[in-house]
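Subject: Structure handover

Hello,

Here is the structure I said I would pass on. Please open it first; my notes on what was found follow below.

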Amino acid sequence: MASQKIAIALTNHRTLGDTGKPTGFWLSEMTHPYFVFRHAALEVDLISPKGGLAPIDPKSEDLKDPENREFMENPELKAKLEKTRPASSLDPNDYAAVFFAGGHGTMWHFPDSEPLTSLARSIYEKAGVVGAVCHGPAALVNLKLSDGHYLVAGKELTAFSNEEEEAVGLHRVVPFLLESKLVERGGRFEKAAPWQPKA
């Protein structure tokens, strides 16, 4: 029987460049997919490059959001954020998909995480699903398949855009512009107007 398990990848990175300001993963970009997957009767593991604590970007802790509130007010679920599974400990054959949640922390942490890259490559090459939201596609910028080609090459995709990065004033703080890097890797980048939905 095919795996019915999904890994949601979160960053362990907590500092916004050299600004001294906190960052991490964006809470709703984990909670919303988490409950979609769970309501579809899929098993979900929260993972990260290092394992252990995945810090929440303080700006994303909106408990008026129903999914955020449901997750954060459940002690058992909230505890999962302190003990994420290290990507290196996972068997790709156990997972049908990996989903990369966003948040600015991913920009420093995801691109060069060999355990994440290896996991995603293995899942993709066995016909599994690799998905990402917002800054989550930072995990894909250095991800090459076994044939040496970038996974994103020739594929339609979207992510946090250059305009959005400039709008939040972090285009000179992040280590690279995500849209530009994905295009450089051969991705066919499509976007809506800033802050509008796009999938």
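A residue is called buried under 20% relative accessible area, exposed over 50% and partly exposed in between, using a 1.4 Å probe and protein chains only. At 11% relative accessibility, L77 therefore counts as buried.

Two remarks on where the values come from. This is a predicted model, in which local features need pLDDT of at least 70 and side-chain atom pairs count only at pLDDT 80 or more, while totals for chains, interfaces and linings use all residues. Residues are numbered from 1 along each chain as its sequence is written, and side-chain values use heavy atoms, with hydrogens and water left out.

To stay with L77 for a moment: this residue lies in helix 3, residues 75-79. Helices (H or I, at least four residues) and strands (E, at least two) are DSSP runs, numbered from the N terminus. Setting aside neighbours within four places in sequence, L77 is in contact with Y34, F35 and F71, where contact means heavy atoms within 4.5 Å.

The chain as a whole

There are seven helices and seven strands in the chain. Their order along the sequence is β-α-β-α-α-β-β-α-α-β-β-α-α-β. The radius of gyration is 16 Å, which agrees with the value near 16 Å for a compact globule of 199 residues. That radius is taken over C-alpha atoms, and the globule rule is 2.2 Å times the number of residues to the power 0.38. Along the principal axes, the C-alpha atoms fill a box of roughly 40 × 40 × 30 Å.

Of the 199 residues, 47% count as buried. Among contacts between residues at least 6 apart in sequence, 78% join residues at least 24 apart. The chain exposes about 9800 Å², of which carbon and sulfur atoms supply 50%; accessible areas come from the Shrake-Rupley method with a 1.4 Å probe, and for residues only the protein chains shown count as cover.

Five strands form an open sheet in the order 3-2-1-4-5, with parallel pairing. The edge strands are strand 3 (85-86) and strand 5, each of which pairs on one side only. Two strands pair if DSSP finds at least two bridges between them.

Going through the pairs from one edge to the other:

- Strand 2 (residues 43-48) and strand 3 run parallel over two bridges, and S48 has P86 as its bridge partner in strand 3.
- Strand 1 and strand 2 are joined by five bridges and run parallel; the partner of A9 in strand 2 is I47.
- Strand 1 (residues 5-9) and strand 4 run parallel with four bridges; in strand 4, A9 is partnered by F100.
- Strand 4 and strand 5 (residues 129-132) are also parallel with four bridges, and F99 stands opposite G131 in strand 5.

Which residues cover the two faces of strand 1? K5, A7 and A9 lie on one side and I6 and I8 on the other, and all are buried. Five of the five residues of strand 1 are buried, so this strand is largely enclosed by the rest of the structure. Strand 4 (residues 97-100) is covered on both faces too, with A97 and F99 buried on one side and V98 and F100 buried on the other. In a regular strand the side chains alternate between the two faces of the sheet.

Regards
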